[in-house]
Amino acid sequence: MAIAKAERLMNLALCLLGTRRPLTKRELRSSIEAYIEASSDDSFNRMFERDKDDLRELGLVIETVEGIEGDIGYLARRDSNRLPPITLDAEEAAALGLAAKIWQQARLAGAASGALQKLRAAGMPLAGDGADYDAGQPHSALEPRIPAHEAAFEPLMLACRDRRPVVFDYRKSNAAHPEQRQVEPWILECWRGHWYVAGWDRERKAERVFRLSRITGKVRSRQGAFTAAVPDHVTVRETVESWAGETATGTARIRLRAEHGYPLRARALTVRDLGDGWDELEIPNGHGLDAWLVEFGPDVVVLEPAELRAEVIDRLRAVAKG
């Protein structure tokens with residue numbers, strides 16, 4: 001439905017921008033397929049008025065002109081709707097090039113590529129597509145990438161954009177089977193190579209963060225408006241950091257097999273060689289650390305705190321049960 005409306009708005013905008021004289025409602029109705037299919041004049045009038053208001057909210061300047069015979073016409077003059085010249089610095093150009101890479105395997109890949117081509121044609125070099133966006137700086141051998149391979153990415157992105165509730169099955173890392181979650185999604189965030197969606201969990205009546213790789217099956221949209229207010233500034237990165245164990249509330253002691261677990265070693269506060277092929281590490285302890293430690297399998301043994309040790313054991317047992 002959101003895509004159909006966007007197409008209808010685009011067609012209306014093109015009609016209003018492409019005409020040299022004001023077009024009446026009757027002429028617009030006969031030119032746009034969605035209006036032709038309207039069931040009645042009242043239905044068309046309501047649809048047209050909403051679309052006209054939406055285009056104006058998006059910034060399109062639409063003039064209302066009364067003709068000699070009293071007919072009301074509409075047009076959008078090109079000189080009134082021309083954008084100012086686009087100028088980007090090196091950082092902004094790099095960000096655009098990187099953002100476009102997110103769509104390499106998504107439905108908007110063609111649109112993103114076309115947008116980059118138009119910017120380059122206008123003389124705007126961009127990073128990440130082979131262009132020298134900063135001739136004074138040497139190219140880096142490393143090219144940043146943001147993966148977006150999860151099937152849930154695109155439907156959740158559209159749901160965030162259109163403010164539509166969703167339903168999906170979610171398997172927590174310590175659960176053997178997924179559970180259905182009803183969520184009002186706010187925004188997507190990529191953190192340490194994983195995508196997360198933050199939003200309002202309707203059943204738990206609280207803000208929650210979900211890792212997209214743990215969503216099973218299809219993300220299904222639901223009708224109706226959000227029941228909880230969307231924060232003006234969603235500090236998703238801080239929320240995701242907290243849920244991913246990046247915000248420490250204490251410390252934990254673990255045994256780590258020698259020459260293993262380098263991400264854990266990078267965060268370690270202290271490291272002590274035990275001399276038997278194992279090291280003892282003191283690491284920051286926060287929400288979600290148990291799920292992270294489970295990923296290292298038999299190379300990690302939690303010593304303390306006891307609560308963390310019990311949580312890791314529970315997760316390992318759930319994984320063993322399948």
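Which residues have the most contacts inside the largest nonpolar core?

## Largest nonpolar core

In this predicted model, the residues with the most contacts inside the largest nonpolar core are Leu156, Phe168, Leu188, Leu212 and Ile215. The core has 19 residues. At least two residues each come from helix H7 (153-162), strand E4 (166-170), strand E5 (179-191), strand E6 (194-201) and strand E8 (215-221). The most is given by H7, with six residues.

Beyond its neighbours within four places in sequence, Phe168 is in contact with a set of residues that includes Leu156 and Ile215. Also among its contacts are Glu179, Gln180, Arg181 and Val183, as well as Phe210, Lys218, Val219 and Arg220.

Another nonpolar core lies apart from the largest one and has 17 residues. Leu9, Leu16, Met47 and Tyr74 are among them.

## Ser31

Ser31 sits in the loop that runs between helix H2 (25-29) and helix H3 (33-36). Its relative accessible area is 48%, so Ser31 counts as partly exposed. Ser31 and Leu12 are separated by 19 residues in sequence, and their C-alpha atoms are 9.0 Å apart.

## The chain as a whole

The secondary structure consists of 11 helices and 12 strands. The chain has 322 residues, of which 36% are buried. Of the contacts with a separation of 6 or more, 55% are between residues 24 or more positions apart.

Definitions and conventions
Residues numbered from 1 in each chain as written. Predicted model: local features only at pLDDT ≥ 70, side-chain atom pairs only at ≥ 80, totals over all residues. Heavy atoms only, no water. Helix = DSSP H or I, 4+ residues; strand = E, 2+ residues; numbered from the N terminus. Buried < 20%, exposed > 50% of the residue type's maximum accessible area, 1.4 Å probe, protein only. Contact = heavy atoms within 4.5 Å. Core = buried A, V, L, I, M, F, W, Y, C linked by side-chain atoms within 4.5 Å.
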